[in-house]
Amino acid sequence: MSDVLIVGGGVIGMMTARELSHAGMSVQLLDMNACAKESSWAGGGIVSPLYPWRYSEPVTRLATWSQSSYVHLAQQLLEETGFDPELRQKGMFMAAVDDAEEALNWAAEFHRPMEQVGARFLYEKEPNLAPGVEQALWMPEVCSIRNPRLGRSLRRSIEMDENITLLEEHRVSELLLEGESVVGVRTHKGDYYADQVIICAGAWSGELLRQLNLNLPVEPVKGQMMVFKAEPGLINRVVLMGGRYLIPRNDGRILVGSTLERVGFDKQTTDEAHDSLYATAMSICPKLKDYPVEYHWAGLRPGSPEGVPFIGPAPGYENLFVNAGQHRNGLVLAPASTRLMADIVLQRRPIIDPQLYTLSGRLVG
């Protein structure tokens, strides 16, 4: 029996395990598959919400705290594990934005570096973009991280931590109750118990909580992406245009994403999405036609109302907590989400007002 049992081994689950372990707690971390192989693996890794000014203040607060912590986290994980998460501090262009004035006002209010630039500046930085873009918004401090490699380095960190027991391929079939307490979980490989239980199961979190008649409005939202095997230097910065984006990697690969589909737990790729993503890539960087598509995949985001996650205790249960619903900003919000979750569990002074993310009053029915 451990101090804490965490259900869900994505980036948020693993970061939560590390945070609680560093505070001296013993942790069991369960995942139905292998760690960081669902939405944590499938995303793009931009360390900023897309069009950040269009989100509500609760998302902005988490994103701002997280963005400033990734530089330290990436370096710490590299030194600790030898696995480089490949954080790129190259900035992000948002081309042809209709509400640029609102964006600049938001940046001034929240002290985020942003400026409007013309075609000359844009094409000096990214000469291979499609011609004809007259202006763009430029956020020089936006980073991207190679999320599969972040997942690998976090998993290695978990393996090295004596306070954490990693249990992969453990699908939870039931939450175990004693009175008003969740004392553990049942899996096909056995029962596991802890003083406190945290649900960090992404798009599957709502399914688990429905066993307790808690209707958490978190649903799967499919996103399809593809990657081109290009050469280093074709694109050097994240470029966002028309709601979609290109993300370069250190080895030259360029990701294009993504779709937003509410089709339940279906992770199948489609020809329609393939063609649409390919067209998006050509419209942003026509020279990608000279490079092959290496892979096309899909993942399931944990969708929530307005993208505001649920972080805190589950109503009616003394020792059950939830950290889910980050929608398409799971990697962006992960450091702040996990720190806030740890603050709540450990009864520390929270970094952000937890009432912004409470489950009370936000459940359905």
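# Questions at the structure

Visitor: Which residues does Asn323 touch, not counting residues up to four places away in sequence?
Guide: Asn323 touches Ile12, Thr16, Ile199, Cys200, Phe310, Ile311, Ser337, Thr338 and Met341. Contact means heavy atoms within 4.5 Å. This is a predicted model: local features need pLDDT of at least 70, side-chain atom pairs count only at pLDDT 80 or more, and totals for chains, interfaces and linings use all residues. Numbering runs from 1 along each chain as its sequence is written, and side-chain values use heavy atoms, with hydrogens and water left out.

Visitor: Why is Asn323 called buried?
Guide: Its relative accessible area is 2%. Buried means under 20%, exposed over 50%, and partly exposed in between (1.4 Å probe, protein chains only). The value of 2% falls under 20%, so Asn323 is buried.

Visitor: Where does Asn323 lie?
Guide: Asn323 is in strand 18, residues 320-324. Strands (E, at least two residues) and helices (H or I, at least four) are DSSP runs, numbered from the N terminus.

Visitor: What makes a set of residues a nonpolar core?
Guide: Its members are buried Ala, Val, Leu, Ile, Met, Phe, Trp, Tyr and Cys residues, joined through side-chain atoms within 4.5 Å. The largest core here has 46 residues, and Ile6, Leu20, Leu29, Tyr70, Leu150 and Ile198 touch the most other members. Elements that give two or more residues to this core are strand 1 (2-7), helix 1 (11-22), strand 2 (27-30), helix 3 (57-81), helix 6 (147-160) and helix 9 (330-346). Helix 9 gives the largest share, 10 residues. A second, separate core has 30 residues, including Trp204 and Leu216.

Visitor: How do you know that Ala342 is buried?
Guide: Ala342 has 0% relative accessibility, so it counts as buried. Ala342 lies in helix 9. Not counting residues up to four places away in sequence, Ala342 touches Glu19, Leu20 and Arg348.

Visitor: What makes the length of helix 3 close to the expected one?
Guide: The expected span is 1.5 Å times one less than the number of residues. Helix 3 has 25 residues, and 36 Å is expected. From first C-alpha to last, helix 3 reaches 35 Å, close to that value.

Visitor: Where does helix 3 bend?
Guide: Helix 3 bends at Tyr70, by about 40°. The bend is the angle between axes fitted to the seven residues ending there and the seven starting there.

Visitor: How do you know that strand 12 and strand 15 pair?
Guide: Two strands pair if DSSP finds at least two bridges between them. Strand 12 (219-228) and strand 15 (254-257) have 4, so they pair, in the antiparallel sense. Phe228 stands opposite Ile254 in strand 15. Strand 14 (244-248) also joins strand 15 through 4 bridges, running antiparallel. There, the partner of Ile247 is Leu255.

Visitor: What makes both faces of strand 15 covered?
Guide: Ile254 and Val256 on one side are buried, and Leu255 and Gly257 on the other are buried too.

Visitor: What is the phi of Glu169 and of Glu306?
Guide: Phi is positive in both: near 55° for Glu169, and about 60° for Glu306. Most residues other than glycine have a negative phi.
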